[in-house]
Amino acid sequence: MDQNEIIGANLRRFREKLNLTQENLATYLDISRVEVNYYENGKRNMPSGVLAKAAKLFGIDEYDLYEEAADNAQANVAFAFRADFLNEADLNHIADFRKIVMNYLKMKKHIANG
């Protein structure tokens with residue numbers, strides 16, 4: 001599996017874990033649904049800015065999208081919601097909150113190991 005295929009498979013996996021459609025993700029990433037499809041199928045390189053924004057929404061580090069065993073990566077916060085009722089602003093708030101929690105957990109781990 002090449003890098004684009006690995007990233008694409010992980011993008012799909014994390015998107016589905018959040019019960020998001022390709023259209024939901026595309027709206028959040030400010031790209032077309034067709035582009036999301038290309039990325040998920042490994043047909044195009046995912047720009048670093050898009051990759052970073054997706055990782056922020058999923059509550060993971062960007063490098064987790066490059067891992068073949070990304071199934072082992074855990075989102076730091078679990079959300080239960082129906083994607084049918086989310087708009088772009090909702091996804092932005094969720095992503096911002098996940099980033100805050102992820103940073104908090106990293107700081108807590110660093111202090112414990114310090």
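User: Why are H2 and H3 called roughly perpendicular to each other?
Analyst: The axes of helix H2 (residues 22-29) and helix H3 (residues 33-40) cross at roughly 105° and come within 8 Å. Angles of 65 to 115 degrees count as roughly perpendicular, so H2 and H3 are given that name. This is a predicted model, in which local features need pLDDT of at least 70 and side-chain atom pairs count only at pLDDT 80 or more, while totals for chains, interfaces and linings use all residues. Residues are numbered from 1 along each chain as its sequence is written, and side-chain values use heavy atoms, with hydrogens and water left out.

User: What makes Phe-14 and Phe-58 a stacked aromatic pair?
Analyst: Their rings lie 5.7 Å centre to centre, with 25° between the planes. Rings pair if their centres lie within 6.5 Å, and planes under 30 degrees apart count as stacked (over 60 edge-to-face, the rest tilted). Phe-14 lies in helix H1 (residues 3-17) and Phe-58 in helix H4 (residues 48-58), so the pair ties together parts 44 residues apart in sequence.

User: Why does Asn-4 count as buried?
Analyst: Asn-4 has 17% relative accessibility, and buried means under 20% relative accessible area (exposed is over 50%, partly exposed in between, with a 1.4 Å probe and protein chains only). Asn-4 therefore counts as buried. Both Phe-14 and Phe-58 are buried too.

User: How do you know that the charged end of Lys-53 sits over the ring of Tyr-28?
Analyst: The charged end of Lys-53 is 4.9 Å from the ring centre of Tyr-28. The term asks for NZ of Lys or CZ of Arg within 6 Å of the ring centre and within 35 degrees of the ring normal.

Methods. Axes fitted to C-alpha atoms, helices over the stretch in contact; angles between N-to-C directions. Helix = DSSP H or I, 4+ residues; strand = E, 2+ residues; numbered from the N terminus. Parallel < 35°, antiparallel > 145°, perpendicular 65-115°, else oblique. Phe/Tyr/Trp six-rings, centres within 6.5 Å; stacked < 30°, edge-to-face > 60°.
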